[in-house]
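The questions below go through parts of one protein model, each with a worked answer. Please look at the sequence and structure before reading on.

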Amino acid sequence: MVRLAGPTDWAGFVHAARSLLYDKLPPESVRWIDGEAPELELFDAARPVDALQLPAVPPLALPASFVDRAKSAALHADPARFDLLYRLVCRLNQDRRLAQDPFDTDWRRLEALASAVRREMHKTKAFVRFRKVALDRQPDTRDASSASTTEPSTSEANVRHVAWFEPEHHVMEAIAPFFVRRFGQMNWAILTPRVSVSWDRHTLHLGPGADPCDAPAPDADEALWLAYYASIFNPARVKEAMMKKEMPVRYWKNLPEARLIAPLMADAPARVREMVDAEAGDRTRRRGLAAAGVGPADLSPQVGDAALAAASRRTDRAVAMPSPATLDQLAARAARCRDCPIGDGATQMVWGEGAPEARLMLVGEQPGDREDLQGRPFVGPAGKLLRRAFEQLGWPAERVYITNAVKHFKYELRGKRRIHKTANQKEVDICSGWLEAEIAAIEPQAMVALGATAARSLLGRAVQIGKNEGEWIQRDQDGRPVLILMHPSALLRMDGGDLEAAFERWAGLLDRASGYVDEAHGGAAAD
């Protein structure tokens, strides 16, 4: 039997393991005592030997991947962890390839223990909650010449920040340096059932475990923390299973905010409904619409009262809405837009084109390299597929209007080539004001969203293309139907043998909007 100095005695284990292996003692003949389990069992005859009393021998050469994992696994609460570690030491000494075998039972167990400890250390950093406790003594009156210039104030020197925490594994000694770095100017202590650590702004102290009754009472700062936690709680993001995975229930009893979780979750559905109702007519279009300058002052005969009313419903009421006179005037304003950085790198702004009175508008995602150079939408490879579909469906190009959700080409340089890069959500939101201004000017009866970016810009929320492809979804802003389709560029990324079949299927879905192009079927489409 080998007795370690404590449950975290890594140095003692290393010393003993070297000595035992040198004497060729097999793992099954060694019993490890870490100070937590009883030292002697009923039929034990041998007396335990202190680890550091074993003879010193030359060090072992073991894989670094094992040593890193073993140091973490040694902090696990599993009473058989040192048996596992010594068994792996013996096996690795015979065959170092074991470290590359992810299916070995012992190695997988080592991985599991190390992972659990790392997770526990992360949770400890996240869920320790300090409370202020007044000290009876007066502040330290050391000689001013030796005192640090960063010493706390007199009032702070009379306070200790104390936390009660119950880690599942032996992580406090290992994690204590993190709290020293993080709260170096505080006088603090963390009490746990196994060990206590404290910092007096100069020295880190380790002590015996504490009792739950030693936990500090709530302080004045706790009410502020609870108010802040309640204010940042987002009911729309409540996923109970995920929350319990990130904040396991076993920590809740020592978290002040835990008592708020149940009522906040119970109120979440009602709060989500309130948020949806409040946002239904006020989607984020502010910066783009302000740049577009939509409002009555610029209203011309080409844009009627219905367009102005529709634009008003879609815009924040606090934004002055001067409305566009013509699409050409809108395009001129959009060309000067630099509310996001995309415009600075593009050759030019790519505005929509087609019939100003079109009953159907097709919205793509953003211009590509060809579009950026020519200043026209859908003139590249994807555009050729779209126009091929127009011919196959018998759609006259002059009866539709095509545009993009984002008006400038976003790319990254690879050598001399400009590689398409997807616009981020902030950039899409900024540019969506120009799209809304186009919609207000044209007043289409229906729209086709080509790709996820277009769908999100039109509907104000994320839409799964694969799940909703070929479906009509009504916009909250104005009730217009939007047909959801994948972008034609997605067809080009398919294998050559599948392209034709995929194109036929895609064109068949696009055909569902034909009623808005063919005058003879206008009534049916509207229904």
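**Strands, a helix and a cavity**

In this predicted model, strand 6 and strand 7 form a hairpin with three residues between them.

Q: How many bridges join strand 6 to strand 7?
A: Strand 6 covers residues 188–191, and strand 7 covers residues 195–199. Tryptophan 188 stands opposite tryptophan 199 of strand 7. The two strands run antiparallel, and the number of bridges joining them is four.

Q: In strand 8, which residue is the bridge partner of valine 197?
A: Strand 7 also pairs with strand 8 (residues 204–208), in the antiparallel sense and over five bridges. Within this pairing, the partner of valine 197 is leucine 206.

Q: Which residue takes a positive phi in the hairpin of strand 7 and strand 8?
A: This hairpin has four residues between the strands. The phi in question is near 80 degrees, and the residue that takes it is arginine 201.

Q: Are the two faces of strand 7 covered or uncovered?
A: In a regular strand the side chains alternate between the two faces of the sheet. On one side of strand 7 lie Val195, Val197 and Trp199, and on the other Ser196 and Ser198. Five of the five residues of the strand are buried, that is, under 20% relative accessible area. Both faces are therefore taken by buried residues, given that cut-off, and the answer is covered.

Q: Why do the buried residues of helix 2 line one face of the helix?
A: The buried residues in helix 2 (residues 64–73) are Phe66, Ala70, Ser72 and Ala73. They line one face because, seen down the helix axis, they fall within an arc of 160 degrees.

Q: Which exposed residues does the face of helix 2 turned away from its buried side carry?
A: The buried residues of helix 2 pack against helix 1 (10–22), helix 3 (81–94) and helix 4 (105–127). The face turned away from that buried side carries the exposed residues Ala64 and Asp68.

Q: Which helix gives the most to the lining of the largest cavity?
A: A search of the whole structure finds one cavity of 30 Å³ or more, and the largest cavity holds about 60 Å³ of space. Residues lining the largest cavity include Cys337, Arg338, Lys407, His408 and Trp434. By class, the lining divides into seven nonpolar, two polar and two charged residues. The largest contribution is three residues, and it comes from residues 425–442, helix 16.

Key
Residues numbered from 1 in each chain as written. Predicted model: local features only at pLDDT ≥ 70, side-chain atom pairs only at ≥ 80, totals over all residues. Heavy atoms only, no water. 1 Å grid on protein atoms, 1.4 Å probe; cavity = no way out; pocket = protein on both sides within 12 Å on 5 of 7 lines; lining within 4 Å. Points joined across faces, edges and corners; volume = space filled by probe spheres on them. Nonpolar A, V, L, I, M, F, W, Y, C, P; charged D, E, K, R; others polar. Buried < 20%, exposed > 50% of the residue type's maximum accessible area, 1.4 Å probe, protein only. Pairing = 2+ DSSP bridges. Arc of directions from axis to C-beta. Contact = heavy atoms within 4.5 Å.
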